[in-house]
Each structure stands twice: as C-alpha cells, then as structure tokens.
Amino acid sequence: MDVVGWLLDSDPAIRWQVMRDLTDAPEAQVAAERARVAREGWGGRLLSLQLPHGQWPSAVPAFPSGDEEKWWLALGPARQGTLFPGWTSTTWSLVLLRAFGAGPDSATVRRAVGLVRGNVRWEHDGEPFFSGEVEPCINGRTVALGAWFGVDVAPVVERLLGEQMADGGWNCEQENGSTRGSFHTTIEVLEGLLEHERAVGGDPDAAAARLRGQEYLLERRLFRRLSTGRAVDRDRKTGGPAAWTEFSYPPFWHYDVLRALDHLRAAGVTPDDRVAEAIDAVRSKRGADGRWPLENPHPGALHFPLDEGAGKPSRWNTLRALRVLRWYEQALE
C-alpha cells in the first residue's frame, strides 16, 4: 500500500484532510467525508464522552502540593477539568475536535459547544470559557476554538492585540516580567488569529499583528535564537531540552517546527529561505517506507490512542509533513 493509500485507510478525521490537501478531491467529496467526523471514529467517540454539564471526564490532576489539589477539588463541576489535567480536560477535548475537523455544521457539535458555552468556567477565576482568561497562550487557543466553532471571541482577540510584545511574539510569562516572545505562546496566538480571520474576515489590526508574529518565527528560522543564530537548546517553559525538531502529535500547547510550518502553509505564506532548514529537518525524518514516525509524545493520558505509539509510523505526522513539503515544493516551481 502506498503512503497516500495508507493515510486514506484510517479515520475520517484524517481521510478528509488527505482528500483536501494531498489528492485534490472535489469539494463535495471532501465535505461529505468531513461530515462523518462528528458521527464516526475518533470524533464521534470523543463527542460521546462529554458529560451532561459540558465538561469532559478527567482524573484529578497531579499537583505538586496537597493544598493545590484541595483547591482544585473545591472548584465544583463548572470549573473542575476545564484546563487541567492535560490531555483529557474540556480544553484539550475541544482542541482535538477542531483538529479532527468537527465543526458547527453538525447539530451534535453545536449542542456540545453550547454546553461548554453555557456551563463551563475557567479554573483561574471562574471566567466563562469563551471569554478566555489571563494568559495569552490560553487565550490564543480560546480564539481558535471559538472562531472554529462559531462563537464570538472578538473581545479576546482585542486583548491579545494589546499583549503583543516588542519583538512580535507573545509570552504567557509577560505578567511575570518576561520581555521576550515565546515560541510556544506565539504559535498558539497565531493559530487563533488566523482562525478568527477566516471566520469573520480581515481586520487590519489583527492581520498586522498576525504578520508580525509570523515574522517573529521566520526571523528565528523557526527554531534558532535571534541573538546568536544558534539552535534553541533549552526550553524556558519546561526547563528541559528543547525538542522543536521532534514531531509530536497531538502537540497541544507545545511548539515544534512541523507545527510552525503547517501553520505557515495554512496561512498562505510564500516560503522563503528562512524555512529551508526546517524543511530539511522534515525531509530528514522520512522513513524508507515514506512515512514519518511519532516523536516525543507529551506525558499525560489521552482519551484514546491516535497513533500506534512513539517511534512507529504516524498518520498525523505523515499527513502534516506531506502537505508541508507539497506547499514548499510547489512554491519553488
């Protein structure tokens, strides 16, 4: 079986994207396949797990102290399990539904989103889910989700525009004194601004902020320090080694160069020599069978597996890598 055939021999969440991005199938066929996501496979299964009050079921997060655990347990059902734990809380369940392609054209999805909109509150201070909270990384993700699912998130967009840093990026640690953008936060905000632009049309200020954010990534060749040109080897967020040339799925809040390239492709950016090194990194990961492996899976439980496991061929990584290479190579023609 060739690689495209292998990708098509999978869940509707992958199949419709292969049809759209790799085989150029007619729009009607793509739409029909995507419509299956909310009824079948991973999408249907994930929607069936939602609890009656809107949250998704999840275990008690692993907190470093007993006091934090007591705080979480006292939040009540509207706030318990909104962001924590990763990766089965309501936030990450919605992130997966968006990645699968389950949209508001499905009555089942509209009902699920309506439950979240009406009932779910953030752990931070009880804010309504689609109002966002205080961290740009969370708010960028909230904008992406709201725009995708047809919820008005314009006030959250306005907040993000006011939080863009001098270097063009965003950083959740800004309130703690950080003066530099973060790769992790910036990609979250960029994805949100692009989704919002697609949903409601162009806004000059938001478009300008998004373009500045893209330049933040491109000026750094997607994984290098601007000051020295050296590859970033330390992740300030996790305190561990940076793994930005390893391709995880789902990435959740984590940054890597495949995620960045896929965003630039989706945004219609014309690739230039600033992405060439990242493209080489993508090419280098292709196996003899034409497939890409799952790398660096982020610790934490999923509702159910989406791939065969670390080191094994990954349909998600293969799909994203192939469409990124197609985007790049077509621009060179």
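Phe130 is buried in this predicted model, with a relative accessible area of 7%. Because buried means under 20% relative accessible area, Gln55 also counts as buried, at 1% relative accessibility.

**Phe130**

- Phe130 is located in the loop that runs between helix H7 (107–119) and helix H8 (136–149).
- Leaving aside neighbours within four places in sequence, Phe130 contacts Val113, Val116, Arg117, Thr142, Leu145, Gly146, Val151, Val153 and Val156.
- Phe130 and Gly146 are separated by 16 residues in sequence, and their C-alpha atoms are 6.4 Å apart in space.

**Gln55**

- Gln55 belongs to the loop between helix H4 (41–48) and helix H5 (66–73).
- The side chain of Gln55 forms a polar contact of 3.0 Å with the side chain of Thr82.
- A polar atom of the Gln55 side chain also lies 3.2 Å from the backbone oxygen of Gln80.
- Not counting residues up to four places away in sequence, the residues that Gln55 touches include Gln50, Pro77, Ala78, Thr90 and Val120.

**Helices H10 and H11**

- The axes of H10 (residues 183–200) and H11 (residues 204–219) come within 10 Å and cross at roughly 145 degrees.
- The crossing of H10 with H11 is left-handed.
- On the H10 side, the contacting residues are Phe183, Thr186, Ile187, Leu190, Leu193, Leu194 and Glu197; on the H11 side, they include Ala206, Arg210, Gly213 and Tyr216.
- By class, this contact between H10 and H11 comprises 10 nonpolar, three polar and two charged residues.

Definitions and conventions:
Residues are numbered from 1 along each chain as its sequence is written. This is a predicted model: local features need pLDDT of at least 70, side-chain atom pairs count only at pLDDT 80 or more; totals for chains, interfaces and linings use all residues. Side-chain values use heavy atoms; hydrogens and water are left out. Axes are lines fitted to C-alpha atoms, for helices over the stretch in contact, and angles run from 0 to 180 degrees between N-to-C directions. Helices (H or I, at least four residues) and strands (E, at least two) are DSSP runs, numbered from the N terminus. A crossing is left-handed if the near helix is turned anticlockwise from the far one by less than a right angle, and right-handed if clockwise. Contact means heavy atoms within 4.5 Å. Ala, Val, Leu, Ile, Met, Phe, Trp, Tyr, Cys and Pro count as nonpolar, Asp, Glu, Lys and Arg as charged, and the others, Gly among them, as polar. Buried means under 20% relative accessible area, exposed over 50%, partly exposed in between (1.4 Å probe, protein chains only). A polar contact is a pair of N or O atoms within 3.5 Å; within protein, one must be able to donate a hydrogen and the other to accept it, and residues adjacent in sequence count only if both atoms are side-chain atoms.
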